[in-house]
Amino acid sequence: MTQRIIIHADLDYFYAQCEEIVRPELRGKPIVVCVYSGRTAESGVVSTSNYEAREYGVKAGIPIAYAKKMLTSVQATFLPMNMTLYEGVSSRIMNMLRTYGDSFERVSIDEAYLDISNLAERNFDKAKGIAIQVKQEILQKEQVTCSVGVAPNKLLAKMASDYKKPNGLTILQQGDVTKFFERLPVNRIPGVGKKVDEKLNEIHVRTIDELARVGPVCLIDKFGKNLGNYLFQASRGEDNDPVKDKEQPTQLSRIATLKQNSRDPQEILPLLNKLARSVLEKLNEEKMECKSVSLIVILTDLSIHTKSVTLESPTKEFETIAESTNTLLERFIESVPNAVIRRVGIRLSGLQRRTGQTDIVTFLQA
DNA sequence: CCCTCGATCAC
DNA sequence: CCTCATATCGAGGG
């Protein structure tokens, strides 16, 4: 295949930026979008913050209480998540982006890849023009800024969009890779998080150019076939993963925090049923059914446990889901005598499109 | 090959 | 003080 040209677009500080759009008077001041757990009035974590808040160290994942302390000296706004708002803005932008590429891949609410190889006629100057146009259209139609990377594959496009933000545009061609990777920390490679980073540090690899000097056998030995090969290729800026339309999800989950810790199934059931209704609503919207049901349990020590069952036949029924998770919960509590539960969740997997077809029992009865 | 489960990532 | 959702992998058991 000839050389591809891929765009990665990343909507800047997305939830907080959406809030700036609907509350323009807040622009220029710190905004913190929060996930409130409902435990106490203030408990929860920061989902996203705008750059004014980040200057004070307020970023995604930190407890809301920490964020409040960091922002005591300034006038800051703390807002609960408004997913309906963000979904609306996102879907309008994604539908716009979809019209550009030969293929399109939405990777999250605020990120997408476009393959513009043909549109740009395999020419990076044209590709840059398209990227500028994309940024402009998103800004004009939705007042949203984004950071864009243009590169010969998804890996480099993502690393490029990450390089300059907010409101960045970075073109990265294969010939620039050596220079770009020089002294760049390995954790800038997508897929290299805390654990992989630590393991690489063990073999004294801190930067991507250092990683490129490690042999494939060594990497496969340390990280397994899949991740080992990925790291080897990534260190050279190579990636053949195609931009693929992901039409349907393969799993759906819902998780929530208990008002108070408990190991009494009766206290937990109402929340579990609520989660079942919620995740089933989504399953219905997607016109799908599921083959497996998992219970997710997070204990007071924050350890995560999952228990699952595979059903005899795919289901979309509340009774089936609720009964499964209830049984799994009782069984889990029984099997771990000291477990005190903080949060519970439900995951539906083995998802498949609902066929219009009637099930076999109904068919035989007809 | 399928199932279950924990781990990891990144959001 | 500690959210929520998705995908993927590898190990272990069958």
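Helix H6 (residues 154-163) lies across E1, E5, strand E6 (111-115), E7 and E8, running at about 140° to E7. Here, helices (H or I, at least four residues) and strands (E, at least two) are DSSP runs numbered from the N terminus, and angles run from 0 to 180 degrees between N-to-C directions of axes fitted to C-alpha atoms, for helices over the stretch in contact (heavy atoms within 4.5 Å). This is a predicted model, in which local features need pLDDT of at least 70 and side-chain atom pairs count only at pLDDT 80 or more, while totals for chains, interfaces and linings use all residues. Residues are numbered from 1 along each chain as its sequence is written, chains are lettered from A and ligands numbered from 1 in the order in which they are written, and side-chain values use heavy atoms, without hydrogens and water.

**The sheet**
- Five strands make an open, mixed sheet in the order E5-E6-E1-E7-E8, where strands pair if DSSP finds at least two bridges between them.
- Strand E5 (103-108) and strand E8 (169-171) are at the edges with a single partner strand each, so one side of each has no neighbour in the sheet.
- Strand E7 (residues 146-151) pairs with E8 in the parallel sense over three bridges; Val148 has Leu169 of E8 as its bridge partner.

**The DNA**
- Around DNA strand B there are 17 residues (a heavy atom within 4 Å), and Gly191, Val196, Thr306, Ser308 and Thr310 come nearest.
- E11 gives the most to this surface, six residues.
- A polar side-chain atom of Thr310 lies 2.2 Å from a phosphate oxygen of DNA strand B.

Key:
A polar contact is a pair of N or O atoms within 3.5 Å; within protein, one must be able to donate a hydrogen and the other to accept it, and residues adjacent in sequence count only if both atoms are side-chain atoms.
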